[in-house]
Structure formats: structure tokens, C-alpha cells
Amino acid sequence: MNPLAAIGGIIGFGIAGLDPFGALVVVPALAAGVRRRVILLFFGTAWLATVLTGIVLGESVQHVAAWLRNLFTVPDPARLTMQLVLAACLGLWAAYRWAHRNDTKPERTKMPRLAGPIGMSLMGIFWGVSALTDPSFFGVATIGASMQSMLAVAAVFTGWFLISQAPLCLVVLALAAGRDSRPVQRAIGFARRTARPAAYVMTALLAAASLFLILNGATYLATGTYWPG
């Protein structure tokens with residue numbers, strides 16, 4: 001593949017896969033007191049897992065994509081049961097969160113249970129492997145499959161990771177100036193100010209997801225098809 005075309009493809013797929021959620025994991029963790037080296041460990045394991053997943057994917061990108069489609073193709077009766085069980089779990093979780101909404105003060109952020117080195121490493125690995133759910137990852141994998149060198153393949157997925165995880169990269173770069181630097185402190189202050197509204201939004205999203213699954217199941221019972229078809 002032409003180098004310029006490859007670079008353009010990496011940039012395009014990176015922008016298409018732009019993901020702010022990595023930063024949304026890291027900033028609240030900083031606000032809760034997680035150490036800088038643990039945040040860097042999360043970033044490093046996420047990057048490494050993404051690259052290794054891409055290398056393992058290699059030229060079998062189309063086969064892996066087809067396997068994932070078949071994996072998530074569930075017969076209708078079993079799918080209905082799974083949806084209703086998941087709807088019940090999400091609904092109960094939303095109800096629990098709402099019932100305990102005043103248990104903690106918004107300015108006091110608890111240390112996450114997975115905020116240690118092992119927990120953040122496992123989360124980073126999960127973050128990297130979850131790239132398989134991003135269509136743009138398969139797009140950039142086709143570019144990597146055309147490369148002759150494993151180092152070139154690693155560079156392709158590194159480029160995609162840095163662009164798609166640009167918000168996370170910006171937080172990590174800000175951390176290089178120190179935890180007490182102005183950008184980091186502003187981000188932490190923002191996370192603490194929005195902790196309570198963010199918790200309400202999360203509860204509302206859980207309730208909405210539960211309601212959607214219930215309505216989708218009802219649609220199947222009434223029409224014999226799910227929405228969207």
C-alpha cells in the first residue's frame with residue numbers, strides 16, 4: 001500500500017473511532033486519588049493490548065469479523081429471554097443507584113475498587129481488547145494486513161490508538177507536567193463538580209436501556225421482529 005494512502009487511512013479510521021471514554025475513566029480516577037504511575041500503567045496496558053490484538057488479528061480480519069457477527073447472532077427465543085433478564089438487571093441497578101443517591105456527598109469521591117495497579121492493568125487490557133467492538137479498528141486492520149513487517153503493523157495500530165484515544169492521550173501528556181499542574185487540577189476540579197450530575201445521568205441511562213430492552217421484547221412478541229430489524 002502507498003505510504004501516503006496508509007497514513008491517510010490511519011488518520012481517517014482514527015478520527016472515525018474517536019473515543020472520549022478513556023479520559024472519562026482516568027480523570028475521575030485522578031480525582032479519587034489514584035497515583036500518576038497507575039494511570040500511566042492503564043494507558044500502557046491499553047496501548048499494548050490494542051497493538052497485540054491488531055497483530056494477532058493480522059490477515060484474518062475478515063474471518064474474525066464474521067466470527068463476531070455469528071457470535072452475537074442469537075436465536076429469537078433465547079434472545080428474548082436474554083433481553084428480559086438483562087432489562088431486569090439494568091432496571092434493578094438503576095433503582096439501587098437512585099435509592100442510594102444521597103449516601104455520599106458529591107465533593108467526596110471514593111477511591112474506585114479497581115484503582116490499584118492490578119485492577120487498572122486489567123482494565124487497560126480490557127480497554128485494548130474492546131477495540132474489537134469498534135468498526136474503525138477492522139478498517140485499520142486491513143491496512144495493517146498489507147504491511148510486510150510486524151513493526152510496521154505495530155506502528156499502524158499505535159497510530160490508530162493515539163488518534164482514537166486523543167482525549168486520553170491529552171490527559172496523560174498533562175500528567176507529564178505533574179499531578180499538581182494547572183491542566184490536571186482543572187480536570188480534577190471538573191470531575192468533582194460534575195460527579196453528582198454524572199451519577200444521575202448514569203442512572204438515567206441504565207433505566208433507559210432497561211426500558212428499551214423491554215419495549216424491544218414487547219415489539220418482538222407483537223410483530224415477530226425486533227427493532228431495528
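I began with the term pocket: on a 1 Å grid over the protein atoms alone, a pocket is an open set of points where a 1.4 Å probe fits, with protein on both sides within 12 Å along at least five of seven lines, and its lining residues have an atom within 4 Å of a point.

**Ground rules.** I am working with a predicted model, in which local features need pLDDT of at least 70, side-chain atom pairs count only at pLDDT 80 or more, and totals for chains, interfaces and linings use all residues. I number residues from 1 along each chain as its sequence is written, and side-chain values use heavy atoms, with hydrogens and water left out.

**Overall make-up.** I found eleven helices and zero strands in the protein; helices (H or I, at least four residues) and strands (E, at least two) are DSSP runs, numbered from the N terminus. Of the 229 residues, 35% are buried, meaning under 20% relative accessible area with a 1.4 Å probe, protein chains only. I also looked up contacts, which are heavy atoms within 4.5 Å. Among those between residues at least 6 apart in sequence, 84% join residues at least 24 apart.

**Helix 2.** Which residues of helix 2 are buried? In this helix (residues 21–31) I list Gly-22, Ala-23, Val-26, Val-27, Ala-29, Leu-30 and Ala-31. They pack against helix 3 (36–57), helix 6 (117–129), helix 9 (166–176) and helix 10 (182–193). After helix 2 comes Gly-33, with a positive phi near 100 degrees.

**Cores.** A nonpolar core here is a set of buried Ala, Val, Leu, Ile, Met, Phe, Trp, Tyr and Cys residues joined through side-chain atoms within 4.5 Å. The largest has 39 residues, and Val-26, Leu-30, Ile-39, Val-140 and Phe-157 have the most contacts inside it. Helix 3 gives this core its largest share, seven residues. I then followed Ile-39: leaving aside neighbours within four places in sequence, Ile-39 touches Val-26, Ala-29, Leu-30, Val-34, Met-120 and Leu-175. A second, separate core of five residues includes Ala-87, Leu-90, Leu-206 and Leu-213.

**Second largest pocket.** This pocket holds about 310 Å³ of space, a volume being the space filled by probe spheres set on grid points joined across faces, edges and corners. What lies nearest its centre? Of its 17 lining residues, those are Asp-19, Phe-21, Trp-127, Ser-130 and Gln-165. Helix 2, helix 6 and helix 8 (150–164) each supply at least two lining residues.

How values were computed
Buried < 20%, exposed > 50% of the residue type's maximum accessible area, 1.4 Å probe, protein only.
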